[in-house]
Every structure is written in structure tokens, then in C-alpha cells.
Amino acid sequence: MWKGLISVDRWAAGSQAYFLTHLHADHTQGLTSTWNHGPIFCSRLTAKLFPFKFPNFRLSVLRILDVDCWHTLSLTSPSSGSETTVQVMAIDANHCPGGVMFLFRGEFGCLLNTGDFRWEKNCERSKLARKMLVDALKDDVVDVLYLDNTYCNPSYEFPSREVATQQVVDIINSYPEHDIVIGVDTLGKEDLLLHISKALNTKIWVWPERLQTMHLLGFHDNFTTKTSLTRVRAVPRYSFSIPTLEGLNAMRPTIGIIPSGLPWVRKPLEGDDKLFGSLLTSRYKRSKMGSNGGEEISKMDGNLGSVKRFHKYIYSVQYSNHSCYPELEEFIKLVQPTNMKGIVSRSPCYVDPCYYFGRLCGINQPSQMLPQHEKKEGRSCYTELEKKRKRVFGSLGVHLSRLRVWRRARRGIKLAENESSD
Ligand SMILES: [Zn+2]
């Protein structure tokens, strides 16, 4: 991030201090159990989860940064060779357990790296983070904002997680006789699962490693590895696919729910809209039904396309731990950086945030939103993402090896006969 001095979520040798925003795999690429280039600064919760992700890691290199207070590091200036001071503050990113943004002050000026973050307007945690940020900045100008540009495109407008959570609960309630599988990552969306568990007064099945994480996070009562105790299972997202859901339905009626801000593959429905009826009429307006080849979309007031049924067994709910476009806009209006860069540069949807938001802070707007080879007409970002998702779906679960069957059984995507104890 600042050559020879500090790195954020980058693990190549050459920096004096390394900062980890959170433990998702795309932010720890290059970090291994034998990594040894310098001290790693992270939040207290990330430090607690760290050994679980990196067993045998030399934990003495971890340095805990408590949120909402300035920490001062003495480093060596790469330009002058003399001692230089770097101040850093961690601020809750409201993304996943332990996730923080970092605000830096030093000879490089004032830098803000959001990591992955969700900037919800009416969420208490975001309000607190906003206050921390405003208080920390005082009259400072952010020279460079490193922004979570995952959804840096006006196509991405989705509801708060509170609303999306209720949508998931409503879908589950609409299928009282069905098994439910929900695709989640190895970390994140705990609040969603916890809410479902409380609202339905049931435990939620999770795979054994996920149960360990839940216990580490202090959730001891709402999760289980016993399939006989519940009809709701949270399964790894990579194991969630159309063929898998079709296979499960050959055994028991099962509905899959994928909570994500990303658009998922669209597949025409064949007939039956009765199953969806109760959901639409109970809470939502029917805004669009089958006009694009069978896809059904329900619409919350003011929230476009927040629930999609793109397959007869699968719903996509826009529950996201990343900020959507209007939230990014709101954030940038607040921060008013002198310059900004997207942190998701390797994504096929990379959009220079200056393209859309430069006007908000007087930055020259690039004439192209994407590199030329990726630029397509209209919403190219959206299209590329959909293609990528389609490839993922196409490659999953058609012919399962014995090992994969075993893994899926263990991770709940098939009904397991041998249960682990919790
Ligand atoms: Zn993340």
C-alpha cells in the first residue's frame, strides 16, 4: 500500500508492517503458516480466529489493534532512512467477524483502506463506525481512499441485511414441509443464521468446522451437527448447485437459498408458480413475473429485485456483507477523498471508483469504466459476473466422485446418516 513501509492484505516481502483487514481467502492470498516477513496487525477477533485458519502459524507476529483508538508505530522511512511515525486506527467494517478498515496517518499523508465493508445507513454498528471515522478524521483530508468496489456499479442496489434476513425467514416459512439449505462461506453471515434460528425456534445444522467457528464466536446454543434436530442446514457455498438441489429433491422436498449481493445464473422456470405465491402475497408486491423467460422477481417497496427465484428449487436473496452502490456513494460523499482506488482489482467486474464517484470529490472522471478488453456495451460488469457464476454452476455437482459424495454428506448437502456430535 505504501511501498517499503506498510501493506494491507498484501503479503509479499518488503514492507515493515502488515495489516490484515479480515480473514476471507481473497485477502489472505500469499499468507501461509510459514509466512515470516514482519508483524501482522489485525483486530482482536481476527487474532482469535487466526489459528483456526492458519494452524501452526507463529502467533507471536500478530499485533492486536483495538478499534477506535490511535496506535503509533515507529518505522524507518524508505525515502530518508530515518525514523518515521505511522499512526493507525482500526474501525469496524461491519463485514464479517473481526473485519476492520484501517485509517493511517504518516509521511505519506492520510490513507483510508476500507477492506471489505458494509456501510448501511440505519444499522447501529455502521452509525458507530461513522462516528468513529468522523471523529478520527476531524479536519484531515483523506489523500487516498482504497475502496471496497465489489458493487461499484449502479446496477447494484439491494436492501439492508435486516430486510434481507426477514425475506429469508419468509421464504423458509413458505415451505413448512421442506428441508432448507442455505449456502454460506466459512466466515460471515452469522447474524443471518442466528436470526433464522431464533425466528424459527430451531437449531441450524452447520458442518463440523463451521460449528467450531460458531463456538469460537460465542454461539453455543443455536447450531448443531445433528441433522435429525433440524430441517434447516447451512452448507458451504461451493457445494451449493442446481444439480445438488435436484439430487436432494429426489430424496426429500428441499429449497435452496443463496444469500448474496451478486446476481446469480438465471434459468427459466417450468410452470409451477404456486410455491412462490405465499411469499409474494404475504409481504411483497409482485412486480414482475416470468416476463424474461420465466424468472420470478418479488419486489420490496423501494428495493428492486431483492428476492429472485431463478430455479424451481432455489431462491437468491440479496443479503450482502459488502456495500451496495448507493451506500458507496454515501460513504464517498462523507469522506471526500483527494484520490481513490478500488481494492478489487482482479475481479472481472473491476470498475475504477473514480468513474462513478470522481465527480463527488472533484477527481477527474476516467472516460472508461473498465480496461478496454473487458469493456462491453451497457452493464458489462454485470454480464461478466453472470457468466462467471454460470461457469461455476455449470462445473458443480454433475458427476460426483465418491470422495465428493462423502464430503458433501459430511457438509450437509446430502442427508447424512452418520452424525457427528456437537
Ligand atoms: Zn470479505
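Which hand, left or right, does the crossing of α1 and α5 have? The crossing is right-handed. The legends below describe close-up views of a predicted model.

**Figure 1. The whole chain, as background to the close-ups.** The predicted model contains 11 helices and 19 strands. The chain has 422 residues, and 39% of them are buried. Among contacts with a separation of 6 or more, 65% are between residues 24 or more positions apart.

**Figure 2. Helix α1 packed with helix α5.** Two packed helices are described by the angle between their axes and the distance between the axes. Helix α1 covers residues 44-53 and helix α5 covers residues 208-216. From α1, the residues K48, L49 and F52 make the contact, and from α5, Q212, T213 and L216. Sorted by type, the residues of this contact are three nonpolar, two polar and one charged.

**Figure 3. The buried face of helix α1.** T46, L49 and F50 are the buried residues of α1. Viewed down the axis of α1, these buried residues lie within an arc of 135 degrees, so they line one face of the helix. They pack against strand β3 (40-42), strand β4 (62-64) and helix α5.

**Figure 4. I64 in strand β4.** I64 belongs to strand β4, one of the elements against which the buried residues of α1 pack. I64 counts as partly exposed because it has 14 C-beta neighbours inside 10 Å. Its C-alpha atom is separated by 5.4 Å from that of C42, although I64 and C42 are 22 residues apart along the chain. With neighbours within four places in sequence left aside, I64 is in contact with R44 and A47.

Figure 5. The loop between α1 and β4 holds N56. N56 is not a glycine, yet its phi is positive, at about 70 degrees. Is N56 buried or exposed? N56 is exposed, because 9 other C-beta atoms lie within 10 Å, and a residue with 12 or fewer is placed in that class.

**Figure 6. Helix α3 packed with helix α4.** Helix α3 is made of residues 161-174 and helix α4 of residues 190-200. The angle between them is about 45 degrees, and their axes are 10 Å apart. That angle makes α3 oblique to α4. The crossing of α3 and α4 is right-handed. On α3, the contact is made by T165, V168, V169 and I172; on α4, by L192, H195, I196, A199 and L200. The residues of this contact comprise seven nonpolar, two polar and no charged.

**Figure 7. The buried face of helix α4.** Which residues of α4 are buried? They are E190, L192, L193, I196 and S197. Seen down the axis of α4, the buried residues fall within an arc of 165 degrees, so they line one face of the helix. They pack against helix α3 and against strands β11 (204-205), β13 (232-236) and β14 (254-259). L192 and I196 are among these buried residues, and both also take part in the contact with α3. Just after α4 comes N201, with a positive phi of about 50 degrees.

**Figure 8. D9, a residue with positive phi.** D9 sits in the loop between β1 (6-8) and β2 (17-19). The phi of D9 is positive, about 55 degrees, although D9 is not a glycine. D9 counts as buried because it has 23 C-beta neighbours inside 10 Å, where the cut-off for a buried residue is 20 or more.

**Figure 9. P78, in the loop between β5 and β6.** P78 lies in the loop that joins β5 (71-76) and β6 (83-92). Because it has 16 C-beta neighbours inside 10 Å, P78 counts as partly exposed. The contacts of P78, apart from neighbours within four places in sequence, are K3, G4 and L5. How far from P78 is the C-alpha atom of Q16, a residue 62 residues apart along the chain? The two C-alpha atoms are separated by 9.8 Å.

Conventions. Residues are numbered from 1 along each chain as its sequence is written. This is a predicted model: local features need pLDDT of at least 70, side-chain atom pairs count only at pLDDT 80 or more; totals for chains, interfaces and linings use all residues. Axes are lines fitted to C-alpha atoms, for helices over the stretch in contact, and angles run from 0 to 180 degrees between N-to-C directions. Helices (H or I, at least four residues) and strands (E, at least two) are DSSP runs, numbered from the N terminus. A crossing is left-handed if the near helix is turned anticlockwise from the far one by less than a right angle, and right-handed if clockwise. Two residues are in contact if their C-beta atoms, placed from the backbone, lie within 7 Å. Ala, Val, Leu, Ile, Met, Phe, Trp, Tyr, Cys and Pro count as nonpolar, Asp, Glu, Lys and Arg as charged, and the others, Gly among them, as polar. The arc is that of the directions from the helix axis to the C-beta atoms. Angles under 35 degrees count as roughly parallel, over 145 as roughly antiparallel, 65 to 115 as roughly perpendicular and the rest as oblique.
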